[in-house]
Amino acid sequence: MIRKTIIVVLTVLAVGTLLLWAVALPWTLVYQNQGNDTGIHRGVLFAYWGMPWTVKGWYFSRASTAGLTHVSIWWPMITQTGGFSSRLSGVFVPLFWVALLTGIYPTIACIRGPLRRWRRRRKGLCLNCGYDLTGNESGVCPECGEAV
Ligand SMILES: [Zn+2]
């Protein structure tokens with residue numbers, strides 16, 4: 001029950017972030033708060049702080065770099081933005097990584113069952129419990145009672 005819930009939640013997260021990533025690829029949406037910026041830029045979630053400007057408010061544009069030098073980031077990173085001050089830092093998380101990580105477990109869970117059944121059928125084992133049915137002619141698994 002809990003396992004099913006986790007799989008459903010992870011699947012929704014994976015599909016949701018994947019869609020958001022695809023939709024957000026050509027866009028930049030930033031909330032700027034006096035040098036602390038949070039937003040999404042070409043599918044990358046980011047937050048950076050300590051910028052030397054005092055702008056406050058939303059910034060939205062199409063295919064703009066919005067002052068970000070990291071145009072394409074392929075893995076999550078923590079960075080010093082540099083150029084302004086040595087203390088500047090930022091966190092960048094590409095959304096497709098979130099989709100990938102949250103999608104791994106549901107994918108494995110979905111293919112594990114059929115894969116196990118395929119392997120058992122190939123080896124002549126009971127599909128239900130894996131008992132070796134070599135030479136069995138009763139039509140019923142002696143271990144678990146499953147019809148074969
Ligand atoms: Zn069996």
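Me: Is Trp-97 buried, partly exposed or exposed?
Reply: This is a predicted model, in which local features need pLDDT of at least 70, side-chain atom pairs count only at pLDDT 80 or more, and totals for chains, interfaces and linings use all residues. Residues are numbered from 1 along each chain as its sequence is written. A residue is buried if 20 or more other C-beta atoms, placed from the backbone, lie within 10 Å of its own, exposed if 12 or fewer, and partly exposed in between. Because Trp-97 has 18 C-beta neighbours inside 10 Å, its class is partly exposed.

Me: Which residues is Trp-97 in contact with, leaving aside its neighbours within four places in sequence?
Reply: Contact here requires that the C-beta atoms of two residues, placed from the backbone, lie within 7 Å. With neighbours within four places in sequence left aside, the contacts of Trp-97 are Trp-75 and Pro-76.

Me: At about what angle to E6 does helix H2 run?
Reply: Helices (H or I, at least four residues) and strands (E, at least two) are DSSP runs numbered from the N terminus, and axes are lines fitted to C-alpha atoms, for helices over the stretch in contact, with angles from 0 to 180 degrees between N-to-C directions. Helix H2, residues 95-123, lies across strand E3 (44-49) and strand E6 (89-94), and its angle to E6 is about 55°.

Me: Which strands stand at the edges of the sheet?
Reply: Strands pair if DSSP finds at least two bridges between them, and six strands form an open, antiparallel sheet in the order E4-E1-E2-E3-E6-E5. Each edge strand has a single partner strand, so one side of each is left without a neighbour in the sheet; these are E4 (56-62) and E5 (77-79).
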